[in-house]
Amino acid sequence: MTPKFDLAELLDALDPQAHLAHRHLWLIDLLRWVRGGRDSVPRAVARVTLLLDALQQRPDARAKLQAWWQVLLSTVDATALLADYGFSSSSAFASELAERLRLKWLPGTPETVDASALFSLVLCDAFDAQWISALDDATLTRLSELLQISCLDVSNENCAWVPQVKQGSVSPWQATLLEALTFCTSQIRATGFSPELRLRMSAPALETAPFHALDGDIMALQVAFLASPHVNSSERQDALQRYLSRLEACRQAAASVYAHLDANGISVNLVFQLRQLRERVLRVRALLDCLLAASPQASTARLLAHLVLVGQARRSLRALIASNSSMLAAKVAERSSETGEHYITRTRAEYGTMLRDAAGGGAVMSLTTLFKFMVLSLGLSAFWSGFYAGLNYALSFVLIQLLHWTVATKQPAMTAPAMAAKLKDLDEPGAVDLFVDEVTHLVRSQVAAVVGNLALVAPCVVLISAALWFTLGKPMIDVKEAEHVLHTLHVFGPTALFAALTGVLLFASSIIAGWVENWFVLHRLDSALRYNPKITTALGIERAGRWAQFMRDNISGLAANVSLGLMLGLVPAFAAFFGLGLEVRHVTLSTGQLAAAAASLGLAVLKQSAFWWCVAGIVLTAVLNVGVSFYFAFRLALRAHNIGGIDRSRIRTAIRARWRHAPLSFFLPAKETVPTPPADDKDD
C-alpha cells in the first residue's frame, strides 16, 4: 500500500475486509499522517481532532472504521502488549544486546497478529508519546465513543478464561485488560517464588507469604468486576483494596531483600528480578486505572504514552548499557560505602591516626621504589618487566593493608559511595550543612593521607639511597637515570594524562574489590572455609575459623590491592604492545622516584628549575589521582543509589561559603571543646 498523507484519501482507502498486512499498513499510514513532521505537538493533536470531525461528517467512513476496529481486535492479541511490552526476557547482557540489535537492524513486518510487534511499527517514534499525552479529555471522550464496541457476554468462547458468572457483561477491551492483569500478576507471583528472592527475604515477609494469596485475590477481583456493574459497588471496591494491599505486601517483601545484601550478597540477575517486579507492579496499577477508573480514557492515554517510551528504551543500546552499569553499581557500591566510612576522619584523634597510618604506608612505598628500580635494571622484556613491577606493587599494597596502614590514592574510590549515600536525605532540614561538613571531613582526610605518604616516602628513599652509597658505592639510580626521572615527571609533559589514567585504574580496582567481595559473600565462601569437612580436616576447626574470618574481613582489600598493583605494572606493558606509550603516575611512587633522583644528583638539584617543575607535577598528580578516582566512583554510586535531581548549585554555594568563612576546616580538624559541667547549686 502506497503511503497516503491526505485524510480524504486515507479514509477512502480504508477497507475492513482487506488483507491482514494491508489493514495494518493503513493504520501505520494514518499514524504517520497524525505525526506529520514531528515538529509540533499541537499540530498533531489538531490532526486527531480533524480526523474525528471528518468521521462525524462521513457516517460511511465512521462505520467502516468501526468495522475495521472490530476486525483488528478479533485478529490481534493485545494481551501481551499490555502485560509484557517493554520488559526484557533475560538479565544476560550478551543475549539482551543481541535481541536489541535484531530489533534495530532487522525490519519488522505488519503481517502479524502480535500486538507488540504491530505497536512498535505503528507508534515507532518518541514524539508519539508527546502528542498522546497532550490529548484533552474532550478529544479522548470522542475517541472512546468512536471505538466503543458492544459488550461481549462473559460466556463468549473468546473469553473462556474469565470466571463464569450468570450476570454482567464485559467489553473486548475490558476482557483484554483483565487478562493482562492476570498475566502480570502471574509474573509477579513467579518472581516472588524464585529461589534467589525467597531465600533472601526477611522472616516477616516469608511468614505473611503475600505471593501465595496473590492469585486468589486477582481472581476475586475479576469475579467482583463481572458481577458488579457499578464502578463504586462495595464488592468491587473491597476486592480491589484486598488486591492492592496484597500487591503492596509483595512489593515490600521483595524490597526486604535489599536489607540482607551484606549477609547474602547480590547478583545481577537478582537486581534484574527486583527491578522487573517493581516495574510490573507499576504496570498492574496502570492497568487497574484503565479498567476501574470512572473516566478511564485519560488513564488509557497515559498507558499508551508509557508503552511508546518503554518501546523506545527496549530498542536502545544506550539504555541497555546504562541499565547494566546501574546493576553493577548496585552490586558493589553498598560494600564500598561501608568500607569508605573508615577512611573519613572527623576528630583530631582520627586525623592523627590517619597521618600515622599514611606515614607507615609511605615508608613501605620507599622499599617499593627500590624494588622497582631493581626490576628495571634487569633489562627484561616489556611484559615480564611490567609483571614483576606489578607484583612488586601488589605485594607492597598487601603488606600495607596487613599492617593496617594506608595508601592515600586508594581511598577516594571507597569514600565516594559513602558520600553519595548521604545525598539521599538532602531535602531534610540542615542536610546541606551536614553534607558540607562531610565534604570538609573527606577533603582533610585525603590531605592527611597524601601528606602522611609523601612525608615519609621521600626521606626514606633518600636514606636507602645513602645506605646503598655507603655500602655498595653507588646510589639507588645513576645520574643518567636521575635526569630521565626529572624529564618524565615534568609538569609540562604527559604527567597530567598519565595521572588521570592512574585515577581510572584506582577506580577500576575498587570495582574489582566490590565485585570480588560480593562474589565471596554470594557464594558463602566464608561459611565454606569455616565448616567444610575437607577444609576443617586439613586446617583444624579453630584455624579454619580464623582463616574464614580473616578472608571475610580482608577479601575486598586483598582484591583491590592485588588488582591495582598488577594493573599499574601491566597496563603500560600492554599499551606498549600497541605502540601507545602510556605510563602510570602514582603520586607516592612518583615522589619516591623524584627523591631517588635528588639523592643521586645531590643538593645542586635544588637549584634546577626542572626539579621544582617535577614538584609541581607531583602536586598535579595527587590532585588527578584523587579527583579522577573519586569522580568516577561518585557517579557510579549516584547511579547505584538512584539519586537524581540533586540541587548542585545549592551544594556548591554552601561549599564556597564554608571555604570563605573556615578555609582551615578543609585541612585541619577543629579543636574539640570539652563541655563544662554545670556548677552545683549551693545554699547560701
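Visitor: Which residues make the nonpolar surface patch of about 790 Å²?

Guide: L378, L380, F383, W384, Y388, L391, L395 and F574 make it. Patch residues have over 30% relative accessible area and no salt bridge, and nonpolar side chains (Val, Leu, Ile, Met, Phe, Trp, Tyr) are joined within 5 Å. A salt bridge is a side-chain nitrogen of Lys or Arg within 4 Å of a carboxyl oxygen of Asp or Glu. Areas are Shrake-Rupley values with a 1.4 Å probe, and only the protein chains shown count as cover for residues.

This is a predicted model: local features need pLDDT of at least 70, side-chain atom pairs count only at pLDDT 80 or more, and totals for chains, interfaces and linings use all residues. Residues are numbered from 1 along each chain as its sequence is written, and side-chain values use heavy atoms, without hydrogens and water.

Visitor: Which helix gives the most to the nonpolar patch?

Guide: Helix α20 (residues 382-402), with five residues. Helices are DSSP runs (H or I, at least four residues), numbered from the N terminus. F383 lies in α20.

Visitor: Why does F383 count as partly exposed?

Guide: Because its relative accessibility is 37%. Buried means under 20%, exposed over 50%, partly exposed in between.

Visitor: How are two packed helices described?

Guide: By the angle between their axes and the distance between the axes. Here, α19 (residues 348-377) and α22 (residues 431-472) pack at about 35°, axes 6 Å apart. Axes are lines fitted to C-alpha atoms over the stretch in contact, and angles run from 0 to 180 degrees between N-to-C directions.

Visitor: Is the crossing of α19 and α22 left-handed or right-handed?

Guide: Right-handed: the near helix is turned clockwise from the far one by less than a right angle.

Terms used:
Helix = DSSP H or I, 4+ residues; strand = E, 2+ residues; numbered from the N terminus. Patch = residues over 30% accessible without salt bridge, like charges linked within 9 Å, V, L, I, M, F, W, Y side chains within 5 Å. Buried < 20%, exposed > 50% of the residue type's maximum accessible area, 1.4 Å probe, protein only.
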